[in-house]
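Have a look at the model first, then read on.

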Amino acid sequence: QAEDGNIEYKLKLVNPSQYRFEHLVTQMKWRLQEGRGEAVYQIGVEDNGLLVGLSEEEMRASLKTLRRMAEKVGADITVLREREVDYDSDVPRKITEVLVRKVPDNQQFLDLRVAVLGNVDSGKSTLLGVLTQGELDNGRGRARLNLFRHLHEIQSGRTSSISFEILGFNSKGEVVNYSDSRTAEEICESSSKMITFIDLAGHHKYLKTTIFGLTSYCPDFAMLVVSANTGIAGTTREHLGLAMALKVPFFIVISKVDLCSKATVERTVKQLERILKQPGCNKLPLLVNSDDDAVTAAQQFAQSPNITPIFTLSSVSGENLDLLKVFLNILPPLTNCKEQEELMQQLTEFQVDEIYTVPEVGTVVGGTLSSGICREGENLVVGPTDDGKFLRLKVCSIQRNRSACRVLRAGQAATLALGPFDRSLLRKGMVMVSPEMNPTICSVFEAEIVLLFHATTFRKGFQVTVHVGNVRQTAIVEKIHGKDKLRTGEKAVVRFRFIKHPEYLKIGAKLLFREGVTKGIGHVTDLQAITTKENGLEESLGPGQLSF
C-alpha cells in the first residue's frame, strides 16, 4: 500500500478503541488532503493488497465505524461497489469500496477541467447539454441550444467558439446540474466537486480556436467524442494527436449508439482500439460496460496515463449515460496537495485568455492563475504591450464559475474585473504578474521542435503560427541549427522571431506551431530576453490608466 495517494486499504474497522479511533481519523484527514478532498477506502483488503473479505456482520460494523470517522472530519461517504470474494470459508465474504468526500476548508469545491474534442457532428455539444441540463436530447439537437454563444452557431449547429459548461457532484456523489431550474450560483453552492467542460469546435476551419482552448485553458483531462455511425473521420485523428502532443490524458466517448446496430458500434470500438494500440499511441483501451468498470477505469486512469477508458452511450435514449457520470464523479485530480502548495508560494502570474467589457463593471479579463495567489484589491502589472512595456492595474473583484470569490489560488480559472482600465491596451496572450517579478519578455526565442507533417521542406524564412500556452502569434523561422532544411519527422533546434510584438515566454514551455498543413510540436529552450530597463514599468499616466 502506498503511503501517498488517496487510496486506503483496511481489513476491518470493528469497534476500535478510542485511541485507535483518533488514529484512524487522523489517517483519514491525511488521505483526504492527498486527494484534495477525496479518498477511497477499500474494506476487507489487507495492506499488501490481499483480498480477504468480511462477513456481513463485520462489514456492517466496519461501515458504521467509517461513517463515524467521516462525521468526525465533516465528510460524506458513498459505497461505490461491493464484491464477493472466494476465501476459504463457508460464510460468503465481501469487500466494499467506499468514496469519502469532503470539501476542503480553504476552497469552495474540487475543480476539474475537461476539454471536449472530436470531429464535427460527433455530438459534443449535445452530450454536454444532456449532462448539464439533465434532459435527454430529442434527436434533432435540442439539448445543445443552451450551449451556443452566437446566432450562426444555432443556425448551422456547429460550435465555433469556446464555451464553458459546469456539472457538479455533491458530497454524496449525486449529480447537481441545471435541472430543477437551478442557477450557476446554486450549483456552485451545493456541489463539492465541479467538472468544467470546455466545449471546443470540431470543424477544421476552427482548428486554431481548438488549439487555443487546449493550450491556454490547461485542461486536466480531454474527452474525445466519436460518433458511432461515422467512426474515426475528419478531425478526430488530429484532435487525438493534439491531446497526445500536449500530454493531456484523454478518455473516449462513442456517441449516437441509438442510431446504429450493435455490429456498427463494435466496428467503431475495434477501429479505435486498433489506433490506440499503435506504436505512436501505446495506449491500453478499456471498454466500460458496467458501474464496476467505470469505478476501475476512473482509478486506473488517474494512476497510469496509458489507460484509455472507452464509453459507448446515447444522448437520445440515455443508454450508458450513468456510467459516464459515475466515472466523472470518482475521477481524482491529477495534482496532489503538495504540488499545488508549492505553486501557491511563487509570485502571482495570471494568463489573460479572454477580454470583455461588462456594463457598470468596466473591463473584465478571463483566464487561469498559473502560480501564486491573487486577492481582491491587489496591484499587478499587465503586459507586454506592443512596445514591450508593462502597465499597472488593480484587481477590483474576482468571480469563479459565475459566483464571487475573494481569493484565487494557483491552477484555478476565473474572471477578474479591472475597473476603468482601457480595454484597447489589452489583448489575448498577455500576462498579469506581481510588480516585483521583473518579467522577461522576448521577440526572439529558440525551441527544440519535431516536424510532424510538412508538404515540402521546412527552411529559413518560413512563417508559422506559434502557440505557447495562451500566446498565439505568427513567427518567422530565422535559423535552423546544424541543418539547412527539415523534412517530416525530423528534429532540430530552431530560432523563431515574432512578427508583431514581444511576448512573455518561459523556458521549457510546450510549443505547437501550424501553417496550412504544416504541424509541429516542441518546447522552448532559450530566450533572448529584452532587458527590463528597456521595458520599464509605464509610470506616466496615459488614458485609462490607474494612478496610485
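A salt bridge here means a side-chain nitrogen of Lys or Arg within 4 Å of a carboxyl oxygen of Asp or Glu. By that rule the count comes to 20. Keep in mind that this is a predicted model, where local features need pLDDT of at least 70, side-chain atom pairs count only at pLDDT 80 or more, and totals for chains, interfaces and linings use all residues. Residues are numbered from 1 along each chain as its sequence is written, and side-chain values use heavy atoms, with hydrogens and water left out.

**Salt bridges**

- Arginine 31 pairs with glutamate 8, with the closest N and O atoms 2.8 Å apart.
- That pair links distant parts of the chain, 23 residues apart: arginine 31 sits in helix α1 (residues 18-34) and glutamate 8 in strand β1 (residues 7-10). Helices (H or I, at least four residues) and strands (E, at least two) are DSSP runs, numbered from the N terminus.
- Both arginine 31 and glutamate 8 are buried; buried means under 20% relative accessible area, exposed over 50%, and partly exposed in between (1.4 Å probe, protein chains only).
- Lysine 506 bridges to glutamate 349, the closest N and O atoms being 3.0 Å apart.
- Lysine 506 lies in the loop between β29 (503-504) and β30 (510-515) and glutamate 349 in strand β13 (residues 349-358), so this bridge ties together parts 157 residues apart in sequence.
- Glutamate 349 is buried at 4% relative accessible area, while lysine 506 is partly exposed at 39%.

**Helix α4**

- Leucine 151 is in helix α4 (residues 151-156) and, at 57% relative accessibility, counts as exposed.
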